[in-house]
Amino acid sequence: MKPGLLEARTDEERAALIEEGRVLFAQSCTFFYASQKIDQLPPVAGPEIAFCGRSNVGKSSIINALTNQKSLARVSNTPGRTKQLNFFNLGDRLTIVDMPGYGYAQASKSVKEDWQGLMFDYLRGRPTLRRVILLMDGRIETKKTDLQAMHLLRDAAVPYQVVLTKADDVKPAKLAARQAEVEEVLRKQPGAFPLILTTSSETGLGLDLLRAELATLAEDAPAA
Ligand SMILES: Nc1nc2c(ncn2[C@@H]2O[C@H](COP(=O)(O)OP(=O)(O)OP(=O)(O)O)[C@@H](O)[C@H]2O)c(=O)[nH]1
Ligand SMILES: [Mg+2]
C-alpha cells in the first residue's frame, strides 16, 4: 500500500495525492458483474475495494459521484435497492464493489441472514480486497447493525475505513458531534483505518480526499 493522506507531510504531497485520485477517477468506469451468490463471484483479478453500509446510506450514490457518472450504480429512495454484489471496473486499475445494504427494518429474517452470509463469505474469501469503505450516515447516530458490520469486518480480518455521508443535509455542529461520536466508537474497534472522511454526493464535499485515498490502493497507472 502506498502512503495516503495520513502520511502526507506537506501541502504539495497532499495535492499530489489528490491529483492521483482525480486522474484515477477520470478513467472510464463500467459495470461488469452482478453476483447474488457467493459461488458466482467474478474471477479474482486486480485490487478491489467495496462500499458497505446500511440500506439507504448512499453507497450507490457515492460510486456515481466519485466516478462522475449519474447512473452507473442504481440509486433509489426505496431502501434495499441494491440486492447483489455489483462489480465495476475503474480503468483496469481498481475494481469497485457496491454491496447490498444492511439494517433494512422491513427486510425478512431470511433476507437479513442471506445478506450477512453473502457479505461474510465475500469478505473472507476475497484475497484482492484491499479495503472496505464503511459508509455511515452523517445525520444519525451509529446503529446496532453498524456495530455488527464492524464486528463482521474484524472477524473477516478486512481493513475498513469509515466515511460519513450526506454532510450537506446536516448542520455543521451536529456533523461535528456525529464525527466525534464515530471516533469514540472506532476507538473500541480494532481494524478500523484511523482516518474518517466526511462526504456529500450531492455537493461533492470530501470526494477529492476519498479519491486520493482510494488511489493509494489501486494498480499503478501504466507507464506512458
Ligand atoms: N442529501 C443527500 N442525499 C443523498 C446523498 N447520497 C445519497 N442520498 C440519497 O439517499 C438515498 C439512497 O441513496 P442510495 O445511493 O441508493 O443508497 P444505498 O446505500 O445504495 O442504498 P441500498 O442500495 O438500498 O442499500 C437516495 O434518495 C439518494 O438520493 C447525499 O450526499 N446527500
Ligand atoms: Mg445501493
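**Notes on the strands, cores and cysteines**

1. Let's start with isoleucine 62: setting aside neighbours within four places in sequence, it is in contact with Phe51, Leu135, Val163, Thr199, Ser201, Leu207 and Leu210. Contact here means heavy atoms within 4.5 Å. Keep in mind that this is a predicted model, where local features need pLDDT of at least 70 and side-chain atom pairs count only at pLDDT 80 or more, while totals for chains, interfaces and linings use all residues. Residues are numbered from 1 along each chain as its sequence is written, and side-chain values use heavy atoms, with hydrogens and water left out.

2. Which residues touch the most other members of the largest nonpolar core? They are Phe51, Ile62, Ile96, Leu210 and Leu214, out of 33 residues in that core. A nonpolar core is a set of buried Ala, Val, Leu, Ile, Met, Phe, Trp, Tyr and Cys residues joined through side-chain atoms within 4.5 Å; buried means under 20% relative accessible area, with a 1.4 Å probe and protein chains only.

3. Two or more residues each come from helix 1 (11–25), strand 2, helix 2 (59–66), strand 3 (85–90), strand 4, strand 5 and helix 6 (207–215). Helix 6 gives the most to this core, namely six residues. Helices (H or I, at least four residues) and strands (E, at least two) are DSSP runs, numbered from the N terminus.

4. Apart from that core lies another one of 32 residues, with Ala50, Leu85, Leu134 and Val185 among them. As background, nonpolar side chains in soluble globular proteins tend to be buried together.

5. Now look at strand 2 (residues 48–53), where six of six residues are buried. Glu48, Ala50 and Cys52 point one way from the strand, and Ile49, Phe51 and Gly53 point the other way.

6. What does strand 2 pair with? Strand 4 (residues 94–98) runs parallel to strand 2 and is joined to it by four bridges, with aspartate 98 as the bridge partner of phenylalanine 51. Strand 5 (residues 129–137) also pairs with strand 2 in the parallel sense, over six bridges, and there arginine 131 stands opposite isoleucine 49. Two strands count as paired if DSSP finds at least two bridges between them.

Note on methods. Chains are lettered from A and ligands numbered from 1 in the order in which they are written. Buried means under 20% relative accessible area, exposed over 50%, partly exposed in between (1.4 Å probe, protein chains only).
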